Amino acid sequence: MARAFLVVMDSVGIGGAPDAERFYNGDLPDLGANTLAHIAQACAEGRAEEGRSGPLNLPNLNRLGLGSAMRLASSVPFPGLDATPEGLWGCAAEVSPGKDTPSGHWELAGLPVPWNWHFFPDTDPAFPEDLSDFVAQAADAPGILGNCHASGTDIIARHGAEHMQTGAPICYTSADSVFQIAAHEETFGLERLLDLCRVVAPRLHEMKVGRVIARPFVGKPETGFTRTTNRRDFAIAPPAKLLTNWVQEAGRKVHAIGKIGDIFTMSGIDTLKKGSDADLMGHLAEAIDTAEEGNLTFANFVEFDSLYGHRRDISGYARALEWFDGEIGKLLPGLRDGDVMVLTADHGNDPSWPGTDHTREQVPVLVAGSGQAGSIGARAFADVGVSVASHLGVSSDGPGRSFL
């Protein structure tokens, strides 16, 4: 019986979204954003030399068709991303009205978002007074700090000392539908932060805010602050069944790796493993070795997005891509006969683009282990989930069309 591995390379967009002009980073539309192409261009021009050197080197993803997918999506070729693909390859565009994590993942799992998300205005303050008062009361604090659009690392540096002195949580947002709460793991307490997010999440979800995100950090004002890996997303629940439910209701198991449990509020998920991307790669290797026949492993590798895309770190993003390429290349030979691994992304986050937010882009769809090679063409995000279900022999009721 077949197994399936669905691997999301968080934010590895390839440009060419047909509606990119409708989505903005600050005052600039996303038209022309291309995460992979602009990283490759910077590498080729010697502008991404921190911790690595030379043209972007992704031989394993390239053999699966990454360069071909990028040319299909955005008509952009780059040296080092040209190879004859050995698997099925294509690109996919999103129809959900967002460029955020839940929208991308839900639609990849066969469920386009049926509503418009609530976004907070880029004003100071960003949050309505009654919401700010509610969060402060839930935190048993004199108020909140931040209350604006901001980069997470910047706002912690700006307000970390005052937060430690007053106990007021640092609250901020972005161009995504998110309400983020940062607090010191030691002086405020990690469990207290998580409890605060649990309490306020229903209020935000009623507003159709996609996620409340706990952003714990450590450090001191005199030496600086660092965010920890104990981030937790409290996402709004999917409004209908999707891939994880389809698989589980067919009597199969769904093994989640990384943020998947948070994104789907554990709906349709049997096991969950978390950690750094290095940890997650180990968990994925273990799943390839041990996952039961007929079951789904669904993984998200977030550090492209969280550590490098939002921080506009081109060199770091290139290093992460090359590391991932090398590690996934070690795992591919472990696929069994009948297994399929689909590698894709949920949105873009072009580190060369102004602002610090996601970018509206198409994403690659690369299929290893199918025994087939060639283009699957330009697809919809929802085709991915329906295709995985089809491979597993599981009934689906999403709007997608299978390419398998």
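Trainee: Is Lys273 buried, exposed or partly exposed?
Mentor: This is a predicted model, and in it Lys273 counts as partly exposed because its relative accessible area is 34%, a value that falls between the 20% and 50% cut-offs.

Trainee: Which residue does Lys273 form a salt bridge with?
Mentor: The partner of Lys273 is Glu286, and their closest N and O atoms are 2.9 Å apart. Lys273 belongs to strand 12 and Glu286 to helix 10, so that the pair, 13 residues apart, links distant parts of the chain. Glu286 is partly exposed as well, with a relative accessible area of 37%.

Trainee: And what about Asp339, buried or exposed?
Mentor: Asp339 counts as buried because its relative accessibility is 0%, and Arg3, at 0% relative accessibility, counts as buried too. The side chains of Asp339 and Arg3 meet in a salt bridge, at 2.7 Å from N to O. Asp339 sits in the loop between helix 12 and strand 14, while Arg3 is in the segment before strand 1, and 336 residues separate them.

Trainee: How many salt bridges does the count come to?
Mentor: The count comes to 20 salt bridges, and there is also a network of salt bridges that links Asp19, Arg22, Glu94 and Arg360.

Trainee: Changing topic, which residues touch the most other members of the largest nonpolar core?
Mentor: That core has 86 residues, and Leu284, Leu296, Phe324, Met341 and Leu343 touch the most other members. Helix 12 gives the most to this core, with 8 residues. In soluble globular proteins, nonpolar side chains tend to be buried together.

Trainee: What does Leu343 touch, then?
Mentor: Leaving out residues up to four places away in sequence, the contacts of Leu343 include Val7, Met9, Leu61, Phe324 and Ile328, and also Pro364 and Leu366.

Trainee: Last topic: how much space lies in the largest pocket?
Mentor: The largest pocket holds about 500 Å³ of space. Its lining is made up of 24 residues, and those nearest the centre of the pocket are Thr228, Thr229, Arg231, Val302 and Ser306.

Trainee: How many of the lining residues are nonpolar, polar and charged?
Mentor: By class, the lining of the largest pocket has 11 charged, 9 polar and 4 nonpolar residues, and the largest share of that lining, 3 residues, comes from helix 11.

Terms used: Residues are numbered from 1 along each chain as its sequence is written. This is a predicted model: local features need pLDDT of at least 70, side-chain atom pairs count only at pLDDT 80 or more; totals for chains, interfaces and linings use all residues. Side-chain values use heavy atoms; hydrogens and water are left out. On a 1 Å grid over the protein atoms alone, a cavity is a set of points where a 1.4 Å probe fits but cannot get out, and a pocket is an open set with protein on both sides within 12 Å along at least five of seven lines; lining residues have an atom within 4 Å of a point. Grid points are joined across faces, edges and corners, and a volume is the space filled by probe spheres set on the points. Helices (H or I, at least four residues) and strands (E, at least two) are DSSP runs, numbered from the N terminus. Ala, Val, Leu, Ile, Met, Phe, Trp, Tyr, Cys and Pro count as nonpolar, Asp, Glu, Lys and Arg as charged, and the others, Gly among them, as polar. A nonpolar core is a set of buried Ala, Val, Leu, Ile, Met, Phe, Trp, Tyr and Cys residues joined through side-chain atoms within 4.5 Å. Buried means under 20% relative accessible area, exposed over 50%, partly exposed in between (1.4 Å probe, protein chains only). Contact means heavy atoms within 4.5 Å. A salt bridge is a side-chain nitrogen of Lys or Arg within 4 Å of a carboxyl oxygen of Asp or Glu.
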